[in-house]
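I am starting a page of notes on a structure that is new to me. I will take charges, the core, the surface and the backbone in turn.

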Amino acid sequence: MPPQLLVDLDKIDLEKDLFDAEAVEAVNPHRYEMRQLDGIVYYEPDEGVFVGYKNIRQDEFWVRGHIPGRPLMPGVVMVEAAAQLCSFAAKKVQAEDRFIGFGGIEDVKFRQTVVPGDKLYLAAKFIENRARRFVCDTQGIVNGKMAFQARIIGMVV
């Protein structure tokens, strides 16, 4: 049985971007096919909780080759999307302008497929947030169901 969701999406206005793709790119350096975060819809730095999303398009770089005829979003790309949300959150909370990269991934579980046409909501909650390192619990949610969970460790590089 999956753990409880980090945030109740029913209590969030999922149609209102607090930060759109352009605002995300002003904080995160990812571009082109490696930008895996389309917007932020919930931003509560005092709670340490953030929710963003990725629209899964038919023209994603992995669609053609990751199971032809039945494209499935690769798990590593899902985790990358969550890491980009965590990086965005850490940089905003800490007013950090240096690059933040992966320091580790723990307790990853994939629970459902993500396919073109889905909107993947990404939730992150800080477990630890220090000047050079942070730890977030993350979840990916599609149609109200948890698609994956992971603990992400980030660090200033």
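Entry 1, salt bridges around Arg 35. I began with Arg 35 and Asp 38, which form a salt bridge with their closest N and O atoms 2.8 Å apart. I looked up the cover of both residues: Arg 35 is buried, and Asp 38 is buried too. I note here that the model is a predicted one.

Arg 35 has another partner. Its salt bridge with Glu 25 brings the closest N and O atoms to 2.9 Å from each other. I then checked where the two residues sit: Arg 35 is in the loop between α1 (21–27) and β1 (39–44), while Glu 25 is in helix α1, so this pair ties together parts ten residues apart in sequence. Glu 25 has a relative accessible area of 25%, so I list Glu 25 as partly exposed.

Which residues are linked in a network with Arg 35? I found Glu 25, Arg 31, Arg 35 and Asp 38 linked by salt bridges.

How many salt bridges does the count come to? The count comes to ten. I picked out one of them, between Glu 128 and Arg 130, where the closest N and O atoms are 2.7 Å apart. Glu 128 is partly exposed at 24% relative accessible area. Arg 130 is also partly exposed, and its value is 49%. The limit for exposed is over 50%, so Arg 130 stays in the partly exposed class.

I looked for like charges gathered on the surface and noted a negative patch made of Asp 13, Glu 15, Asp 17, Asp 20 and Glu 22. I followed up Asp 20, which lies in the segment before α1. Its relative accessibility is 41%, so Asp 20 counts as partly exposed.

The largest nonpolar core holds 35 residues, and I wrote down the members that touch the most others: Met 73, Val 114, Leu 120 and Leu 122. Next I noted the elements that each supply at least two residues to this core: α1, α2 (75–94), β4 (119–129), β5 (133–142) and β6 (145–156). Which element gives the most? I found that α2 does, with eleven residues.

Still in α2, I looked up Ala 81, which has its place in that helix. Ala 81 is buried, and its relative accessible area is 0%.

I turned to the outside and noted a nonpolar patch formed by Phe 102, Ile 105, Val 108 and Phe 110, with about 350 Å² of accessible area together. Ile 105 belongs to strand β3 (residues 100–110). I list Ile 105 as partly exposed, at 42% relative accessible area.

I looked for positive phi values in residues other than glycine, and Tyr 32 has one, near 55°. Tyr 32 sits in the loop between α1 and β1. Is Tyr 32 buried or exposed? I found Tyr 32 exposed, with a relative accessible area of 75%.

Ile 67 also has a positive phi, near 75°. I placed Ile 67 in the loop between β2 (49–55) and α2. At 39% relative accessibility, Ile 67 is partly exposed.

Notes:
Residues numbered from 1 in each chain as written. Predicted model: local features only at pLDDT ≥ 70, side-chain atom pairs only at ≥ 80, totals over all residues. Heavy atoms only, no water. Salt bridge = Lys/Arg side-chain N within 4 Å of Asp/Glu carboxyl O. Helix = DSSP H or I, 4+ residues; strand = E, 2+ residues; numbered from the N terminus. Buried < 20%, exposed > 50% of the residue type's maximum accessible area, 1.4 Å probe, protein only. Patch = residues over 30% accessible without salt bridge, like charges linked within 9 Å, V, L, I, M, F, W, Y side chains within 5 Å. Areas by Shrake-Rupley, 256 points an atom, 1.4 Å probe, with all protein chains shown as cover. Lys, Arg positive; Asp, Glu negative; His and termini not counted. Charge placed at Lys NZ, Arg CZ, Asp CG, Glu CD. Core = buried A, V, L, I, M, F, W, Y, C linked by side-chain atoms within 4.5 Å.
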